[in-house]
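Student: I am new to this structure and would like a close look at a single part of it. Could you take me through the aromatic rings and their surroundings step by step?

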Amino acid sequence: MREHKQRVFDDFHAAAAKLVDDGWTTSEQLAISGGSNGGLLVGAALTQHPGSCAAVVCSAPLLDMVRYEMFGLGQLWNDEFGTAADPVELGWLLSYSPYHHVREGVRYPAVLSTVFDGDSRVDPMHARKMCAALQHATSARLPERPILLRRESQVGHGARAVSRSVGLSADTLAFLAFHTGLTAADGT
């Protein structure tokens, strides 16, 4: 929490690096996925270590940590993250805010951001802004490593119809499988 938030991102990166170092996978076969606060986690991984994975699914994420308090329920989370109104805490937020760490000319992995128009917890603007910034900045060829936004209307942050959950899961798993080279047992 607060000034120690970077530890979460460091631990996540260490776990991913361990999987690669121990031969369980390669960075070209590794995918990461997270939603809500987990979306912040994979967003930070994406900007801090863009070469460590092939694909990212970032669902209902917090990504602009300087402005998160201005939207949805963001005001309720400043005890966890800090507030941009305090210069010291603004420094904490800027040190890891994924949106503020997108750099032009970096070869980013394939990214699928998912947003839900009825989300009162995490405003879809986080993913929309990040998607636009990544599309502009990446040096990767977009057909090979696309930066995509999947939007659902009439859905909020949490519960949804089973059919919509299945559709979201199918889309995200297909995206991850394609960009990590996963094939069916019969090679298709």
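Which are Tyr68 and Phe81 in this structure, buried or exposed?

Tutor: Both Tyr68 and Phe81 are buried (under 20% relative accessible area with a 1.4 Å probe, protein chains only, where exposed is over 50% and partly exposed in between). The model is predicted, so local features need pLDDT of at least 70 and side-chain atom pairs pLDDT 80 or more, while totals for chains, interfaces and linings use all residues. Residues are numbered from 1 along each chain as its sequence is written, and side-chain values use heavy atoms, without hydrogens and water.

The structure contains two aromatic pairs (ring centres of Phe, Tyr or the six-membered ring of Trp within 6.5 Å; planes under 30 degrees apart are stacked, over 60 edge-to-face, the rest tilted). One of them joins Phe9 and Tyr96 in a tilted arrangement, at 5.2 Å centre to centre and with 50 degrees between the planes. Because Phe9 belongs to helix α1 (residues 6-21) and Tyr96 to helix α4 (residues 87-96), this pair ties together parts that are 87 residues apart in sequence (helices are DSSP runs of H or I with at least four residues, strands runs of E with at least two, numbered from the N terminus). Phe9 and Tyr96 are both buried. The pair that you asked about, Tyr68 with Phe81, is edge-to-face, with 5.5 Å centre to centre and 75 degrees between the planes. Here Tyr68 lies in the loop between β2 (55-59) and α3 (78-81), and Phe81 in helix α3, so the pair ties together parts that are 13 residues apart in sequence.

Leu40 brings members of both pairs into one picture, for among the residues that Leu40 touches are Phe9, Phe81 and Tyr96, along with Lys5, Pro61, Leu62, Met65 and Pro98, when residues up to four places away in sequence are not counted (contact means heavy atoms within 4.5 Å). Leu40 itself is part of helix α2 (residues 37-48), and its relative accessible area is 0%, so Leu40 is buried. Although Leu40 and Tyr99 are 59 residues apart along the chain, their C-alpha atoms are separated by 9.9 Å.

The ring of Tyr99 has the charged end of Lys129 sitting over it, 4.4 Å from the ring centre (NZ of Lys or CZ of Arg within 6 Å of the centre and within 35 degrees of the ring normal). In a further case, the charged end of Arg160 sits over the ring of Phe116, at 4.3 Å from its centre.

Apart from neighbours within four places in sequence, Ser113 is in contact with Cys58, Ala127, Leu148, Leu149 and Arg150.

The largest cavity holds about 50 Å³ of space (the space filled by probe spheres on grid points joined across faces, edges and corners). Its lining consists of Phe12, His13, Ala16, Leu30, Ile32, Ala45, Ser52 and Cys53, and α1 gives the most to this lining, with three residues.

How values were computed. On a 1 Å grid over the protein atoms alone, a cavity is a set of points where a 1.4 Å probe fits but cannot get out, and a pocket is an open set with protein on both sides within 12 Å along at least five of seven lines; lining residues have an atom within 4 Å of a point.
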